[in-house]
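Q: Could you walk me through this one? I'd like to go residue by residue where that helps.

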Amino acid sequence: MECYNCGLKLPADADRCPRCGQRFKPREQGPAPAEKTSLSDRIKGLFGKPQ
Ligand SMILES: [Zn+2]
């Protein structure tokens, strides 16, 4: 790939241009973390459990 700011050739996985400092969009990240929700749900379940 080339830096779209200064045209410097960069490796395809570069996330930043070493010449001009232009940052590129990060590649696709993993799926949105859903663990927090499920964890809080589990805690809610623990505390909200009638005994
Ligand atoms: Zn650049």
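**Chat notes**

A: Let's start with Gly21, which sits in the segment before helix 1. Helices are DSSP runs of H or I of at least four residues, strands are E runs of at least two, and both are numbered from the N terminus.

Q: What sort of model is this, and how are residues numbered?
A: It is a predicted model, where local features need pLDDT of at least 70, side-chain atom pairs count only at pLDDT 80 or more, and totals for chains, interfaces and linings use all residues. Residues are numbered from 1 along each chain as its sequence is written.

Q: Back to Gly21: buried or exposed?
A: Exposed, because Gly21 has 10 C-beta neighbours inside 10 Å. A residue is buried with 20 or more other C-beta atoms within 10 Å of its own, exposed with 12 or fewer, and partly exposed in between; C-beta atoms are placed from the backbone.

Q: Ok, Cys17. Where is it?
A: Cys17 also lies in the segment before helix 1. Cys17 is partly exposed because 19 other C-beta atoms lie within 10 Å.

Q: Which residues does Cys17 touch, leaving aside neighbours within four places in sequence?
A: Cys17 is in contact with Cys3, Asn5, Cys6, Leu8, Leu10 and Gln22. Contact means that the C-beta atoms of two residues, placed from the backbone, lie within 7 Å.

Q: And Pro11, buried or exposed?
A: Pro11 counts as exposed because it has 7 C-beta neighbours inside 10 Å. From Pro11 to Met1 the C-alpha distance is 6.2 Å.

Q: How many helices and strands in the whole chain?
A: One helix and zero strands. Of the chain's 51 residues, 0% count as buried.
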